[in-house]
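This report describes one protein model, from its overall fold down to a few selected sites. Please read it alongside the sequence and coordinates.

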Amino acid sequence: QPAAVKCQSNLRQIATGFIMYANANRGVLPPLSENQPPSGGNPITTGGKHWYEFLGEGKYVPVGTDEAPTVRGYINGVWRCPSVTDDQVRTNGSFGWGGGYGVHSLVTFRYGKYNNAATAPTRLGGPKLSRVRRSSEIWLVGDTGRPAGTNGTWMTWVGTYSPLFNPSGNGSNTNQPACRHGTAKDRLNRTTNVAFFDGHVGTVRQNELLTPADWASNPTLNKLFPMNTEANRF
């Protein structure tokens, strides 16, 4: 089975788990994590339970085998994109968190509790499924990562910010959609797989994702990721 097809199957199963979770929890999806990590704190160890653990521990999605949920998240089974190689997953350090899939961090999915109530967003935690009006357009979960220094290579990560950063960059705070599928020679047409809020799975080409400058100048161009004003209503 081609890697991209298997990846789409994985995402469809995770998206179904999200919907099942919402149905059992008054229509509300899990938070990005239970708590906002303290300044300088490791989000893996100081954030409490994370969105994937809510799904796995609640048995909405199988957790897989040989997992290390207290260290680097769920990294095998349905949680592992088949295009992710072993060297793109780390059991320690700043990169390689999870098996390759992530949600829209800090906007669509937010912390359940913030350290400073005065600066917390107007809505906390995960979105309410019925309030996501553009359910066939908005990113629920998909291929995510951090650039590994070579165009077309991403370390795994469990979330993405809105735009696509320089895919040949490297460093923290560059969480982005990871276009892992397609040929290495045709970089602009490489694709990321994504499951939307209505449960269907599709693909997005790398050249359809915006740079941070594009996003700031014309935020309506990209339908995948809502701005804060829209997400506040979720």
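Along the sequence, the protein runs α-α-α-β-β-β-β-β-β-β-α-α, a total of 5 helices and 7 strands. Helices (H or I, at least four residues) and strands (E, at least two) are DSSP runs numbered from the N terminus. The radius of gyration, taken over C-alpha atoms, is 16 Å, close to the 17 Å that the globule rule gives for 234 residues, so the protein is as compact as a globular protein of that length. That rule is 2.2 Å times the number of residues to the power 0.38.

The model is predicted; local features need pLDDT of at least 70, side-chain atom pairs count only at pLDDT 80 or more, and totals for chains, interfaces and linings use all residues. Residues are numbered from 1 along each chain as its sequence is written, and side-chain values use heavy atoms, with hydrogens and water left out.

Along the principal axes, the C-alpha atoms fill a box of roughly 45 × 45 × 35 Å. Buried residues (under 20% relative accessible area; exposed is over 50%, partly exposed in between; 1.4 Å probe, protein chains only) make up 48% of the 234 residues. Of the contacts (heavy atoms within 4.5 Å) between residues at least 6 apart in sequence, 59% join residues at least 24 apart.

Proline 82 lies in the loop between α3 (51–57) and β1 (101–104). Its relative accessibility is 38%, so proline 82 counts as partly exposed. Leaving aside neighbours within four places in sequence, proline 82 is in contact with Ala3, Lys6, Cys7, Asn10 and Tyr101.

The whole structure holds 0 disulfides (pairs of cysteine sulfur atoms within 2.5 Å).

| Cysteine | Nearest cysteine sulfur | Distance |
|---|---|---|
| Cysteine 81 | Cysteine 7 | 3.8 Å |
| Cysteine 179 | Cysteine 81 | 11 Å |

Cysteine 81 counts as buried because its relative accessibility is 0%, and cysteine 179 counts as buried at 0%.

The count of cavities of 30 Å³ or more comes to 1. A cavity is a set of points on a 1 Å grid over the protein atoms alone where a 1.4 Å probe fits but cannot get out; lining residues have an atom within 4 Å of a point. The largest cavity has a volume of about 60 Å³, and its lining includes Trp51, Trp79, Tyr101 and Val158.

How values were computed. 1 Å grid on protein atoms, 1.4 Å probe; cavity = no way out; pocket = protein on both sides within 12 Å on 5 of 7 lines; lining within 4 Å. Points joined across faces, edges and corners; volume = space filled by probe spheres on them.
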